[in-house]
Amino acid sequence: MNVVEIKDLYKSYENGKIKALNGINLTIADGEFVSIIGPSGSGKSTLLNMIGALDVQDSGSINVAGQDLDDSKKLNEFRAKKIGFIFQLHNLIPNISVVDNIEIPMYTQGLSSKDMRLKAFKLLDDVGLKDKAGILPNKLSGGERQRVAIARALANDPSIILADEPTGSLDSKTSSKILRQLIDLHENNNATLIIVTHDMEVAKLADRVIEVLDGEIVSAGDDSLFNSKINI
Ligand SMILES: Nc1ncnc2c1ncn2[C@@H]1O[C@H](COP(=O)(O)OP(=O)(O)O)[C@@H](O)[C@H]1O
Ligand SMILES: [Mg+2]
C-alpha cells in the first residue's frame, strides 16, 4: 500500500512568481524510509510541508494515508492524528517547560493529564532527557532541543514521521544519535520515515533517495520516473 501518492503537484508562492514545485509525481510505500535531497531552494521543504498537510497545493493531487489533502477543514485533524513533524528550526514553545512542550500533540488524544505526563516522561527518557523535563527550552543546547523536538513529534504516535534537516545544525555525534532514534522508530513501529537533508551520508541511510531540482523530481531512486515517461 502507498502511504503517499502525489500526482502532478504544483505549488507557487507570491502569486505564482516563485514556482516551488513544478509537477511532482511521487509514491511512497507504507513503512518505507526515504530521503529527499537537492540544493538549497530546490523545493524540498515545500514538498515535505505539502505531505505534512501544512500547506495547500495550487493544482494536482496529494493523498496521504488514504486522505486527499485538498480539504483544508480536515487538515488540522489529519495532521494531529497521523503526522510527526520535525522542523529545521525546532520551534519549541519558549515560555513553557520541556515536558509541557511534549504534551502539546497529546491534547487531541483524549488522555488524562496524568497519562499525558507519564507518556511525556517516557518519551523524554527515550531521548535521554528525563532530567531536563522541568526547564525551559532556551536552557538546552541545540542538540538537546532537537531531541525534545523529536520526542514531541512522536507524542501522537505518528504513522508518518517527516523530518526537515533534522541534523542540520548538530555535531556529528549528536546527529548520528538523532538519526538512530528516528530509524529505530521506523524499524520498531513500522512508521514511514521521510527525511529531507542536504547531507549525502544521511541520505544514503534510507531505502531510497529522492532527488529534487528546481521543483521537480530528477531521480526517485527507483524506476518510477522511467515508467511514467514511457507510459505517456
Ligand atoms: N513561504 C514562502 N514564501 C515565498 N517563497 C517561498 C516560501 N517558502 C519557500 N519559498 C521559495 O520556494 C522555493 C523552494 O523553497 P524550499 O522548499 O524552502 O526549498 P529547500 O527546502 O529545498 O531549500 C525557494 O525559491 C524559496 O525561496
Ligand atoms: Mg528547506
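There are 11 salt bridges in this structure, and what you see is a predicted model. I will take a few of those salt bridges in turn.

Start with Glu103 and Arg117. Their side chains meet in a salt bridge, with 2.7 Å from N to O. Glu103 belongs to helix H3 and Arg117 to helix H4, so this contact ties together parts that lie 14 residues apart in sequence. Are the two partners buried or exposed? Glu103 counts as buried, because its relative accessibility is 5% and the cut-off for buried is under 20%. Arg117, at 33%, counts as partly exposed.

Next, Lys119 and Asp157. This salt bridge has an N to O distance of 2.9 Å. Here the pair links distant parts of the chain, with Lys119 in helix H4 and Asp157 in the loop between helix H5 (142-153) and S7, 38 residues apart. Asp157 is exposed, at 52% relative accessible area.

The last one on my list is Asp126 with Lys122. Their closest N and O atoms are 3.0 Å apart. Why are these two separated by about one helical turn? Because both sit in helix H4, 4 residues apart. The general rule is that an α-helix has 3.6 residues a turn, so residues three or four places apart point the same way. Asp126 itself is partly exposed, with a relative accessible area of 44%.

Now a nonpolar spot on the surface. Ile93, Ile104 and Tyr107 form a patch there, and together they have about 280 Å² of accessible area. Ile104 is in the loop that runs between helix H3 (98-103) and helix H4 (113-126). With a relative accessible area of 34%, Ile104 is partly exposed.

Let us go inside, to strand S8, residues 192-196. How many of its residues are buried? The count is 5 of the 5, so S8 is largely enclosed by the rest of the structure. Both of its faces are covered: one side carries Thr192, Ile194 and Val196, the other Leu193 and Ile195, and all of these are buried.

Which strands pair with S8? One is strand S3, residues 33-37, which pairs with S8 in the parallel sense over 4 bridges. Within that pairing, Val34 of S3 has Ile194 as its bridge partner in S8. Another is strand S7, residues 160-164, joined to S8 by 5 bridges and also parallel. There, the bridge partner of Ile161 in S8 is Leu193. To get from S7 to S8, the chain passes through helix H6 (residues 172-189), and this β-α-β crossover is right-handed. If you have the model on your screen, trace that path from S7 to S8.

There is also an antiparallel sheet to look at. It is an open sheet of 4 strands, in the order S2-S1-S4-S5. Which strands form its edges? They are strand S2 (18-29) and strand S5 (67-68), each of which pairs on one side only. Strand S1 (residues 2-13) and S2 run antiparallel and are joined by 9 bridges. In that pairing, Tyr13 has Ile18 of S2 as its bridge partner.

On to helix H1, residues 44-51. H1 is mostly covered, with 7 of its 8 residues buried. The buried ones are Lys44, Thr46, Leu47, Leu48, Asn49, Met50 and Ile51. After H1 comes Ala53, which has a positive phi, near 60°.

Finally, the chain as a whole. It has 8 helices and 10 strands. Of its 232 residues, 48% are buried. Its C-alpha atoms fill a box of roughly 55 × 40 × 35 Å along the principal axes. How does the radius of gyration fit a compact globule? For 232 residues such a globule would have a value near 17 Å, and the protein chain has 18 Å, which agrees.

That is the end of the tour.

Key
Residues are numbered from 1 along each chain as its sequence is written. Chains are lettered from A and ligands numbered from 1 in the order in which they are written. This is a predicted model: local features need pLDDT of at least 70, side-chain atom pairs count only at pLDDT 80 or more; totals for chains, interfaces and linings use all residues. Side-chain values use heavy atoms; hydrogens and water are left out. Patches are made of residues with over 30% relative accessible area and no salt bridge: like charges are joined within 9 Å, nonpolar side chains (Val, Leu, Ile, Met, Phe, Trp, Tyr) within 5 Å. Accessible areas come from the Shrake-Rupley method with a 1.4 Å probe; for residues, only the protein chains shown count as cover. A salt bridge is a side-chain nitrogen of Lys or Arg within 4 Å of a carboxyl oxygen of Asp or Glu. Buried means under 20% relative accessible area, exposed over 50%, partly exposed in between (1.4 Å probe, protein chains only). Two strands pair if DSSP finds at least two bridges between them. A crossover is right-handed if, with the strands pointing away from the viewer, the path from the first strand over the helix to the second runs clockwise. The radius of gyration is taken over C-alpha atoms; the globule rule is 2.2 Å times the number of residues to the power 0.38.
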